[in-house]
Amino acid sequence: MVHQQRSEGRLSPSSDTEDSAGMSRLLAPRLAYFAGVARTEHVTRAAQEMQVPQSTLSRAMVRLEQDLGVDLFARHGRTVSLTAAGRTFLTSVERALAEIERAADEVRADADPATGKVAFGFLHTMGSETVPGLIRAFRADHPRVRFSLVQNYGEAMLEGLRSGELDLCLTSPVPDAPDLVARRLDEQKLRLVVPADHRLAARKRVRLAEAADETFVTLEPGYGMRRITDDLCKEAGFKPRIAFEGEEAETLRGLVAAGLGVALLPPPAVPRPGVVELTVTAPRAAREIGVAWLDGHPDTPPVAAFKKFLLSRRGHLLPD
């Protein structure tokens, strides 16, 4: 059968994004109806299976054909059969509906209280001990909750919250932004790390001003530790001379051991040979660590449970 091209109510083809979006809005509510009628080849039977009035289904099919500008069905009394255009359309419609169903299953699974997913970001310096310990403790009561973990620097994680990539992040400094909620959880003392043969290596404590003439190795701009380093040096009365900017605290420790410079860093998970870590007595050298999330963003049950767990660790977040 040769199908007739309709002229009534037809949308003009266009590659323009707005026109494409308009067509999608028109077609989307009718696609499941179309697939049901195509599967049964009977409007009455399809209406019974989908539990909608037959008149509603019939009108939806007529309107769908009008919007597309082609006949999708050949009608034979109460039965129908697909035209060539209808068969072509059905292939894509079934694929689209299957993808929608897959996406619906995925978001339902992610929100499941027992087996759902938490997208959690954390600083590089939290990755060796702190975060594994937190997840291990949380999973003692929530053994099947899944985690999507992102290790990054602070500003990137805050953007991850805003984009929806992350539900929660553990970061420092604790952010102060109108679109975010942040809670301070703990404080971590920072140390001046020097080579083992450095002039200050025999000391246990040091004022940061005593390192004013040293070359520093630091994290890159945008990292919270870099901002803290710059602020502490400024408070001590000098601007640090930077020999290297990196992305990993342990890389910086290795470069300190090699004699490239000194660094302000949080304590290592495992002591590293070749360096000495000095307590900074002035100015007070510490960083606050907190958890942040997007203000007004609704939590799924697993995210709410993990957020409550993190807040319960206030004051004893870090390993002893």
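Predicted model: local features only at pLDDT ≥ 70, side-chain atom pairs only at ≥ 80, totals over all residues.
**Entry 1**

Residues are numbered from 1 along each chain as its sequence is written, and side-chain values use heavy atoms, with hydrogens and water left out.

For angles, axes are lines fitted to C-alpha atoms (for helices, over the stretch in contact), and the angle between N-to-C directions runs from 0 to 180 degrees.

I then checked how S8 meets strand S12 (residues 275-282): they pair in the parallel sense over three bridges. Arg-205 stands opposite Thr-279 in S12.

**Entry 1: the five-stranded sheet**

I found another open sheet, with five strands in the order S4-S3-S5-S13-S6 and mixed pairing. Its edge strands are S4 and S6, each pairing on one side only. Neighbouring strands here are turned by 20 degrees against each other on average, direction ignored.

S5 and S13 pair in the antiparallel sense over three bridges, and Cys-169 stands opposite Ala-292 in S13. Two helices pack on this sheet. H7 touches S3, S4, S5, S6 and S13, and its direction makes about 165 degrees with that of S5. H10 also touches S3, S4, S5, S6 and S13, and its direction makes about 40 degrees with that of S3. Touching, or contact, means heavy atoms within 4.5 Å.

**Entry 2: the cores**

Which residues have the most contacts inside the largest nonpolar core? They are Phe-120, Leu-168, Leu-170 and Phe-306, in a core of 35 residues. A nonpolar core is a set of buried Ala, Val, Leu, Ile, Met, Phe, Trp, Tyr and Cys residues joined through side-chain atoms within 4.5 Å. Buried means under 20% relative accessible area, exposed over 50%, and partly exposed in between (1.4 Å probe, protein chains only).

Among the elements that give two or more residues to this core are helix H6 (130-139), strand S13 (286-294) and helix H10 (301-312). S13 gives the largest share, five residues. I picked out Phe-306 and found that it touches Val-118, Phe-120, Phe-138, Phe-147 and Leu-168, leaving aside residues up to four places away in sequence. Apart from this core lies another, of 29 residues, including Val-194 and Val-275.

In soluble globular proteins, nonpolar side chains tend to be buried together.

I checked H6 too: Thr-130, Val-131, Gly-133, Leu-134, Ile-135 and Phe-138 are buried. The buried residues of H6 pack against S3, S4, S5 and H10.

**Entry 3: two crossing helices**

How do helix H3 (residues 43-50) and helix H4 (residues 54-68) cross? Their axes come within 9 Å and cross at roughly 115 degrees. H3 and H4 therefore count as roughly perpendicular (under 35 degrees is roughly parallel, over 145 roughly antiparallel, 65 to 115 roughly perpendicular, the rest oblique). Among the residues making the contact are Val-43 and Met-50 of H3 and Leu-57 of H4.

Gln-51 is in the loop between H3 and H4. Gln-51 isn't a glycine, yet it has a positive phi of about 60 degrees. With a relative accessible area of 72%, Gln-51 is exposed.

I found a hairpin: S1 and S2 have two residues between them, and Gly-77 in the turn has a positive phi of about 65 degrees. Four bridges join strand S1 (residues 73-76) to strand S2 (residues 79-82), which run antiparallel.

I also noted two cis peptide bonds. One goes from Ser-172 to Pro-173, with omega near -5 degrees, and Pro-173 is in the loop between S5 and S6. Another goes from Ala-282 to Pro-283, with omega near -10 degrees, and Pro-283 is in the loop between S12 and S13.

How values were computed. Pairing = 2+ DSSP bridges.
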